Amino acid sequence: MIKGVYSFAGLNVLILSNYSFVHDFMEEYRTISKSIDFTVVVNEQEIYKEQQFLRELGPEDEYIESKCRPENAERIVVLKKIAEQALDYDIILYHGSVIAVNNEAYMFTANSGTGKSTHVKLWRELLGDKSVMVNDDKPLIKIKQDKAIAYGTPYNGKHHLGNDIGVPLKAVAVIYQAEENIIEEIDKKAAYPMLYKHVYHPEDKVKLLKTMDLLNRMVKNISIYKLGCNMDISAAELAWKTMRGNEYEAKK
Amino acid sequence: MKLKSDYIVYESEGTTYLTPVSGKEFNGMVRGNVTFGAILNCLKKDVTEEEIVEALCKQFDAVKEDVEKDVKKAVTSLRSIGAIEE
């Protein structure tokens, strides 16, 4: 087996894999630390099962053969295993694009293809050097008593946007495509099922309950919005001015 | 009838959430209030609709006709997402 130790969200993870691909993929997160929080081991049966799952998900996907290569399937199995064990450390894996401004993170979530990354790109255009990408696809989120911290991971989308940083999460917006930009803050109880849709769901009952509890704790400490947006820079202007809150003006 | 074993119930501050573990038939989440939570609690064991109504009338000291409507609505909804084992 091929091994390497990597640091994500403050955890040191030993990964034992069959292919070198996942280690090349995670190189930026490699650590020489000897202390290990947990180990991820992948076997061939798990790789095969993931390949079958990927084929079922997207048989018409033009990249399906590439996605179903065993080394790529192994990369995904590693992520799922990290997500399951990270729960023991109060960390959830989320599907969203996270950008930080003034040490506060803003996450955008929606089904794939809706426009999360497109919207976050508008934020980068609007804010330039004031903004930094945390992660464009699968951030890890550490849930603390009174806050949530969004962390970069190597699983940062097709454009590889992200950094090995952790930033307190201020707000999340569930986005949808709209002709006119509109944003509204939503009640946390109503928001919970919307946010639940995009958190990683373990197949184990106990772990899933833990995930739901951690997500609930995250929801309590952030603002949540529904954002209908188009591809104009005004969408980013509206979202930024609303989600940053009134305290931003006071701090300036 | 009873709640299928692969559905889990999560409660927080008066709101009840129900979701399947594997999500083959339904992979979303249902949200309800305290009454919904009480109905799901009854469905932990094999019960009839009448037994649920009786239990809730006692628990909430409520009018039977109102409870019957709530229970019928909840059970119909749960059946529609495949959460009930008959």
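How much space lies in the second largest pocket? About 210 Å³. The model behind this value is predicted.

## The second largest pocket

The lining belongs to chain B. Three of its elements each give two or more residues: β4 (30-32), α1 (34-42) and α3 (64-80). Of these, α3(B) gives the most, with 4 residues.

The lining residues include B:V30, B:R31 and B:G32. B:N33, B:T35, B:F36 and B:I39 are also in the lining. B:D70, B:K73, B:A74 and B:S77 complete the list. By type, the lining divides into 4 nonpolar, 4 polar and 3 charged residues.

## The sheet of chain A

Chain A holds an open sheet of 3 strands. Their order is β1-β2-β3, and the pairing is mixed. β1 (2-8) and β3 (38-41) stand at the edges. Each has a single partner strand, so one side of each is left without a neighbour in the sheet. On average, neighbouring strands are turned by 25° against each other, direction ignored.

Strands of a sheet pair through backbone hydrogen bonds, either parallel or antiparallel. In chain A, β2 (residues 11-17) and β3(A) pair in the parallel sense. This pairing runs over 4 bridges. Which residue of β3(A) is the bridge partner of A:I15? The partner is A:V40.

## A helix across the sheet

Helix α4 of chain A covers residues 70-86. This helix lies across β1, β2 and β3 of chain A. Against β3(A), α4 runs at about 150°.

Methods. Residues numbered from 1 in each chain as written. Chains lettered and ligands numbered in written order. Predicted model: local features only at pLDDT ≥ 70, side-chain atom pairs only at ≥ 80, totals over all residues. Heavy atoms only, no water. 1 Å grid on protein atoms, 1.4 Å probe; cavity = no way out; pocket = protein on both sides within 12 Å on 5 of 7 lines; lining within 4 Å. Points joined across faces, edges and corners; volume = space filled by probe spheres on them. Nonpolar A, V, L, I, M, F, W, Y, C, P; charged D, E, K, R; others polar. Pairing = 2+ DSSP bridges. Axes fitted to C-alpha atoms, helices over the stretch in contact; angles between N-to-C directions. Contact = heavy atoms within 4.5 Å.
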